Amino acid sequence: MSENPASEIPAAPASAAELPADGRAPRTADGSARPITPGSQAAEGTYRAQPVSFVRRGTRLQGRRQQAWNDHSDTLAVDVPRHIADTSVHPDYVFDAEAEFGRVAPLVVEIGSGLGDAVVHAAKENPDKDFLAVEVYTPGLAQTIQKIVTAQLNNVRVVQANAPEVLSTMLPAGSVSQVWVFFPDPWHKTKHNKRRMVKDTFAPLVARVLAEGGLWRLATDWSTYAEQIRDVGASSADFANVHDGERTGADSPLTEARLSGVDCEQSDEPDTVGGWAPRFDGRILTSFENKAHKAGRVIFDLTFRRK
């Protein structure tokens, strides 16, 4: 686990309400500022230099979720030392997958694991791989733990943490075989687009943790976000689109979305760029994705390879 146990790290305020009145970063005993993790909630959330990609919802646990958390979080939830907030990660902490899982195996990281359907299903189907589910919502993590226990899996761990901090400091460079980002919050109103997680500044963080040849798999059901994600991958020197130029014109899901106008301005302009991956067969059809299908929205898959 950590080379710097939480007991050795100075305590930090747990919320913005506990921050110094002057709004400065928390201070050490000698008055100097504590380091801020690149892309961290401390930098992008507490002080609002940039917007975060999530808004905290209820964290209250009840019933079976509370019981699952009480009984199994000690072994299945990674206990990370915090920095500024309850979803932050202290910049000195580094995750040791071999120590956590008791073996050396390919590590797959899902960012925004929700209720855990995708990651638990994948862990069942791939016992030779280890999985880390990253999520900010405690109820989702507790439900994921329930599913891990029911399936009797030992190759999944969960962590409550802000994704940029997980990618920028918590995970060792080149230690991950795949990063999954399935159906991130689309923030589909134009004025909220700036909150989207997958943007130019996010790609280098993913590239940092992926081993050479590692895959970054993404899916969204919003066409404008799909185009943004495709552009992020295309503009990154660290990635190559595995399906570059594929599925253009009538075969493109973007062309389909434009013709239907289900989530964008209706248009008969064909997509001449393509680059869309076929549906990732390792992703189970969740209730969330099923709702998107019922609403008539198109599903976009993308896969980028770390150069």
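Where do the axes of helix α2 and α5 stand relative to one another, and at roughly what angle do they cross? Hold that thought for a moment while we get our bearings. What you're looking at is a predicted model. The protein has 10 helices and seven strands, and of its 307 residues, 48% count as buried. Take the contacts between residues at least 6 apart in sequence: 76% of them join residues at least 24 apart.

Now back to the helices. The axes of α2 (residues 63-76) and α5 come within 8 Å and cross at roughly 75°, which makes α2 roughly perpendicular to α5. On the α2 side the contact is made by Arg 64, Arg 65, Ala 68, Trp 69, His 72, Ser 73 and Leu 76. From α5 come Thr 138, Pro 139, Leu 141, Ala 142, Gln 143, Ile 145, Gln 146, Ile 148 and Val 149.

Next, follow the chain around α5. Together with β2 and β3, helix α5 (residues 138-150) makes a right-handed β-α-β unit. The two strands of that unit, β2 (residues 130-135) and β3, run parallel and are joined by five bridges. If you want a spot to check, Glu 135 stands opposite Gln 160 in β3.

Is Asn 155 buried or exposed? Its relative accessible area is 3%, so Asn 155 is buried. Leaving aside residues up to four places away in sequence, Asn 155 touches Phe 101, Arg 103, Ala 123, Asn 126, Pro 127, Lys 129, Asp 130 and Phe 131. Leu 107 is 48 residues from Asn 155 in sequence, and their C-alpha atoms are 9.5 Å apart.

Not counting residues up to four places away in sequence, Pro 106 touches Asp 128, Lys 129, Asp 130 and Ser 177. Asp 130 is 24 residues from Pro 106 along the chain, with 6.1 Å separating the two C-alpha atoms.

Time to step back to the whole sheet. Seven strands form an open sheet with mixed pairing, in the order β3-β2-β1-β4-β5-β7-β6. The edges belong to β3 and β6 (239-241), each with a single partner strand, so one side of each is left without a neighbour in the sheet. From one strand to the next, the twist averages 20°.

Walk inward and you reach β4, where six of seven residues are buried. β1 and β4 run parallel and are joined by three bridges, and Glu 110 stands opposite Trp 180 in β4. β4 also pairs with β5 in the parallel sense, over six bridges, and the bridge partner of Trp 180 in β5 is Arg 217. At the next step along the sheet, β5 (residues 210-220) and β7 (residues 300-306) run antiparallel, joined by six bridges. There, Trp 216 has Phe 304 in β7 as its bridge partner.

Two helices lie across part of this sheet. Helix α4 (residues 117-125) lies across β1 (107-111), β2, β3 and β4 (176-182), running at about 175° to β2. Helix α6 (residues 163-170) lies across β1, β2 and β3, at about 135° to β2.

Finally, which residues touch the most other members of the largest nonpolar core? Of its 45 residues, they are Leu 132, Leu 171 and Trp 216. Helix α7 (residues 203-209) supplies the largest share of this core, five residues. A second, separate core has 23 residues, including Ala 68, Leu 141, Leu 153 and Ile 299. Ala 68 and Leu 141 also take part in the contact between α2 and α5, which brings us back to the crossing we started with.

Notes. Residues numbered from 1 in each chain as written. Predicted model: local features only at pLDDT ≥ 70, side-chain atom pairs only at ≥ 80, totals over all residues. Heavy atoms only, no water. Pairing = 2+ DSSP bridges. Helix = DSSP H or I, 4+ residues; strand = E, 2+ residues; numbered from the N terminus. Right-handed = clockwise from strand over helix to strand, strands pointing away. Axes fitted to C-alpha atoms, helices over the stretch in contact; angles between N-to-C directions. Contact = heavy atoms within 4.5 Å. Core = buried A, V, L, I, M, F, W, Y, C linked by side-chain atoms within 4.5 Å. Buried < 20%, exposed > 50% of the residue type's maximum accessible area, 1.4 Å probe, protein only. Parallel < 35°, antiparallel > 145°, perpendicular 65-115°, else oblique.
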